[in-house]
Amino acid sequence: DDDDDDDDELFGDDDDDDDEKDKDIAKQKESLMSHLKTTQSLVKVCAEQVSSVEASLKVAEENSASTQPGQKNAIMASNKICRDKLWHYEDFKRYLANLNDYNHVMDFYKYLTLIKEGNDAVRTKNSLATDGTDTKKRSRRFDRDYYRTCVSQGLRQICYQFALAPFRVGIKLEDNLTKPEGFNWDSSLPGDNPNEGDDLGPRQWNAPVNDSDPTSFASELVSSGELVLLAAMDKSGKLSEDHPEVSDPFRGCRYVAAMELAYEPRIRRHLRELYKQKAVLTTQQTPKGVDVIDPFHEYYGLHLLRNKKVKDHFHPNERELQQQVFGYSVEDVKELNEKLKSNEKQSCIQYLNIMKAEKSGHIKVHIHLPLLHGDSEDWYKKGDDYFKNREKQDLGPLIEELRKAYYPSDGDMEEWNNERDKILRFALTNFLLPAFEADMLKDLRDAAIKVGIAEAGKNLSMMAMEGPYRPSHLLGDNRFLVPTGDLPIVGVCCASDGKDASYLAALTERGEVSDHLAIPSGIQIDSAKIKEKVMTFLMQARPSAIVVGSHAGLSSRLVARKLGALATEATERWNNRFIQGQEEDDEEYQARQDDFRRLYPDHDDEDDEESEWKCNVEMVDDNVAQLFGRSVRGKKEFPDGSVNMKCAVSIARHAKDPLAELAYTWSVASDTGVFGTEMLFMNIHPLQRLLPKTHLLRQYERVLCRAVAEVGVDMNLSCKYSHLHGLLTFIPGLGPRKAASLKHGMERLGGVVASRRDLLEKRLLGPFVYNNAVGFLRIRDIDALSNQLLHPLDDTRLHPHVYTVNNWASKIAIDALEMENDDQYGSEDDRAITAIRDIMENSHNEVRKLYEATKKEWENQYGLTFNVGAWDPRINVPAGLWRDKVDELDLETFAEMIEKDGNGKWLTHFSMIKWEFRLPFVDPRKPMEPLEKEKLFRLLTGETDQTLCP
């Protein structure tokens with residue numbers, strides 16, 4: 001019945017009245033049942049066949065795995081490499097693109113190098129070397145042998161089952177330290193879609209959490225063979241029960257995790273910065289220092305520095321500076337910046353002295369974190385281990401930041417956190433802190449050298465921007481009204497060795513040697529044997545000043561005093577040469593006149609007023625001159641001259657133009673083709689021996705280029721005289737090669753040019769070089785150009801573009817003078833030159849009027865105390881007091897009109913034109929000052945505050 005019910009249910013309702021239909025249904029049922037049995041038998045056969053095929057396939061797979069071990073090894077190697085735990089391509093690509101610091105790039109490189117070494121070890125272990133034909137072994141670091149062994153044994157794969165991936169730790173640490181809101185747990189990596197995958201989202205930023213404790217977890221791994229206890233194996237491969245790794249199976253895993261964590265670039269970058277903020281510097285005496293350092297020693301005060309903050313040697317980073325200046329006014333911020341720069345400079349100079357003391361073996365330096373319980377009272381007696389002991393150092397600030405990024409945010413078993421804490425401490429104490437200490441010593445050295453080079457450059461700049469010596473008889477006139485000009489000078493070099501002779505060298509206005517006089521050793525300059533010769537020499541040369549080098553010390557001082565008396569007597573005799581003495585009869589007077597004519601044949605041609613001779617004696621620093629006397633260029637210029645004679649010449653030249661003598665010092669190349677090596681022997685900075693020579697010379701070159709550009713160079717004189725040619729080297733756009741080519745070209749054309757335009761028209765300079773250099777070249781009125789009409793603006797700082805191409809200067813001059821377009825001036829060029837000469841004369845007269853008015857006003861209020869030499873019209877005269885013709889023009893409106901017409905911005909040029917009319921190519925250098933007492937004492941005695949002791 002049940003079958004019938006089923007049949008009815010399957011094939012339709014039962015109909016007893018239709019027999020035919022029943023018969024048909026019965027036949028169909030019988031047929032279907034037959035098919036069903038056949039199908040069931042076929043399915044059974046197929047199932048048996050599928051089972052047979054599955055069994056055969058399994059055997060085939062096993063056979064395939066046994067015949068192709070490389071595939072299995074590749075899978076094992078891929079699991080051991082743990083690519084997704086060590087780097088993320090898109091994230092690293094973006095991070096690397098934003099790096100601009102060398103240390104940060106090197107951190108990235110070192111991390112990739114470390115990972116590569118571990119990966120290579122894995123491939124080698126699994127016989128996956130890429131090129132078996134390369135038999136030459138790469139040299140590798142032996143301190144990473146244990147790391148390579150651990151990684152090759154698969155410990156990297158195990159350690160990241162409870163430790164967070166290093167690059168994720170670095171991202172979290174970076175955000176915690178640089179963003180006010182800290183790390184965002186919903187952030188995702190570049191290229192990842194946070195809506196896809198279960199492993200994304202906040203959970204990816206947490207360290208993996210295990211349900212079992214570390215002991216059970218390690219036992220399971222050891223039992224399965226995944227965790228290999230490397231150091232606990234004996235030679236036979238059996239475990240040594242007494243080895244500590246048996247009780248601490250994660251030792252190798254922690255080593256791998258700590259090393260890769262310590263090399264992660266973000267972690268190193270930000271922890272290094274945090275270390276810089278916390279680290280301190282301590283110095284101790286060495287046994288050598290204990291014996292010699294006393295309160296009068298130059299290293300006293302450096303030998304017992306205690307916990308000096310390292311960050312004082314560096315400028316604060318942007319974040320720290322913003323915190324310091326928060327709420328400050330603009331003036332307060334400026335004052336704070338100046339204070340920070342001053343402290344930084346002083347600290348770096350102090351560290352340069354520390355480097356000097358350490359190099360000499362008197363002290364030793366320690367960089368460390370502050371100690372937990374402070375220093376003991378006898379800290380200065382402790383050994384190196386006292387400061388290198390990590391257990392005594394305060395690691396708290398660094399370890400806490402790492403814990404925030406490393407520990408699971410939801411907590412974990414204390415045992416697992418202890419394992420993570422061991423990783424962090426091991427990474428800090430064994431990898432990060434030693435690296436940070438080495439980096440900090442290097443950074444301190446680099447910062448100190450940078451400041452030292454800047455200070456040396458500043459000292460050289462002061463030497464280069466020292467103006468020509470201004471004799472005492474010109475000090476009553478202002479240098480803007482009565483320039484020092486080219487004066488004859490006598491240089492004196494006193495012998496420091498009793499066997500050598502002292503020399504007097506007389507130089508002409510152009511710096512050429514006209515005569516010299518030797519004072520034999522052992523003879524005083526005012527003795528009867530030599531006195532008359534000296535006076536005759538001085539009257540023949542009639543110098544405006546006598547400069548005595550200080551190289552001989554106190555002997556130079558004595559000679560200077562005696563020369564002062566002789567110079568006074570000589571000037572009196574010369575100035576009174578036409579006056580007959582009271583006790584002198586006519587014959588004696590006539591004989592004296594004959595002697596004067598014989599000795600000084602040109603004195604009759606001079607006017608009485610003009611022939612008045614004034615001369616004073618001054619001591620100068622002969623640092624540059626002593627170098628010239630012993631140099632190759634000195635021997636080349638004066639092959640037969642003695643050292644002291646050449647020094648006397650250089651002393652006088654240095655007094656005439658210090659910048660030219662410094663440029664002359666640079667102009668000779670060494671055997672390797674390096675220019676300026678002579679300057680390394682000059683006493684420019686007391687710590688220059690500690691500075692890299694290449695960087696020092698580069699700084700010196702920049703200083704000289706800047707000084708020459710400010711002062712300008714006489715084109716004709718610098719090409720004619722070798723001791724002035726060095727100035728051309730530092731003209732912007734030239735350099736040694738082009739300067740030498742220019743000099744040779746000038747020699748072919750007769751030695752002089754009458755205008756700046758000739759440099760281009762006669763192809764002495766190319767168009768681009770000409771455009772860069774011409775504004776710094778002067779065409780002055782010299783004897784060789786006495787019959788030439790010179791353009792007055794060729795001796796100004798104005799570029800020819802403003803007075804030959806656009807003619808703005810001549811237009812300003814013509815408009816200021818309100819000159820009409822009259823034929824009386826001849827051609828348009830003659831009219832322009834006449835206008836420029838007249839406007840320059842008008843402006844010069846205005847400068848004189850302002851000087852006299854200022855002086856008169858001052859003396860009316862304060863008496864005869866006006867400082868003539870300090871008055872500077874560019875600084876001391878308000879803009880509203882100028883009344884010259886050019887000041888009457890509205891140059892600002894004129895510049896706006898030109899700019900509206902689309903012809904460019906010219907206001908700066910117009911302002912420069914106005915000042916060049918007033919003070920054409922004025923020398924920005926202040927005249928050479930007499931030696932200060934402290935410097936004079938140092939030059940004469942060789943003693944300083946540091947070297948003086950009872």
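A residue counts as buried when its relative accessible area is under 20%. The structure shown in these views is a predicted model.

**View 1. Thr 665 is a buried residue of helix α26**. Thr 665 has a relative accessible area of 0%, so this residue is buried. The helix that holds Thr 665, α26, spans residues 658-666. Beyond its neighbours within four places in sequence, Thr 665 is in contact with Val 624, Leu 627, Arg 633, Glu 678, Met 679 and Met 682.

**View 2. Five strands form an open sheet of mixed pairing**. The strands follow the order β7-β6-β5-β8-β9. β7 (513-519) and β9 stand at the edges with a single partner strand each, so one side of each lacks a neighbour in the sheet. With direction ignored, neighbouring strands are turned against each other by 20° on average.

**View 3. Strand β5 is paired with β6 and with β8**. β5 (residues 489-493) and β6 (residues 502-507) run antiparallel and are joined by five bridges. Within this pairing, Val 492 has Leu 504 of β6 as its bridge partner, and Gly 491 has Ala 505 of β6. Four bridges join β5 to β8, and these two strands run parallel. Val 492 also has a bridge partner in β8, namely Val 548.

**View 4. Both faces of strand β5 are covered**. In a regular strand, side chains alternate between the two faces of the sheet. On one side of β5 lie Ile 489, Gly 491 and Cys 493, and on the other Val 490 and Val 492, all of them buried. Because five of its five residues are buried, β5 is largely enclosed by the rest of the structure.

**View 5. The largest pocket has a volume of about 2,100 Å³**. Its lining comprises 49 residues, of which Asn 459, Asn 683, Ile 684, Lys 935 and Arg 938 are the closest to the centre of the pocket. Elements that each supply at least two lining residues include α16 (330-359), α19 (414-464), β9 (616-620) and α38 (933-941). Helix α38 gives the most, with five residues. By class, the lining has 20 nonpolar, 13 polar and 16 charged residues.

Notes: Residues are numbered from 1 along each chain as its sequence is written. This is a predicted model: local features need pLDDT of at least 70, side-chain atom pairs count only at pLDDT 80 or more; totals for chains, interfaces and linings use all residues. Side-chain values use heavy atoms; hydrogens and water are left out. On a 1 Å grid over the protein atoms alone, a cavity is a set of points where a 1.4 Å probe fits but cannot get out, and a pocket is an open set with protein on both sides within 12 Å along at least five of seven lines; lining residues have an atom within 4 Å of a point. Grid points are joined across faces, edges and corners, and a volume is the space filled by probe spheres set on the points. Ala, Val, Leu, Ile, Met, Phe, Trp, Tyr, Cys and Pro count as nonpolar, Asp, Glu, Lys and Arg as charged, and the others, Gly among them, as polar. Two strands pair if DSSP finds at least two bridges between them. Axes are lines fitted to C-alpha atoms, for helices over the stretch in contact, and angles run from 0 to 180 degrees between N-to-C directions. Buried means under 20% relative accessible area, exposed over 50%, partly exposed in between (1.4 Å probe, protein chains only). Contact means heavy atoms within 4.5 Å.
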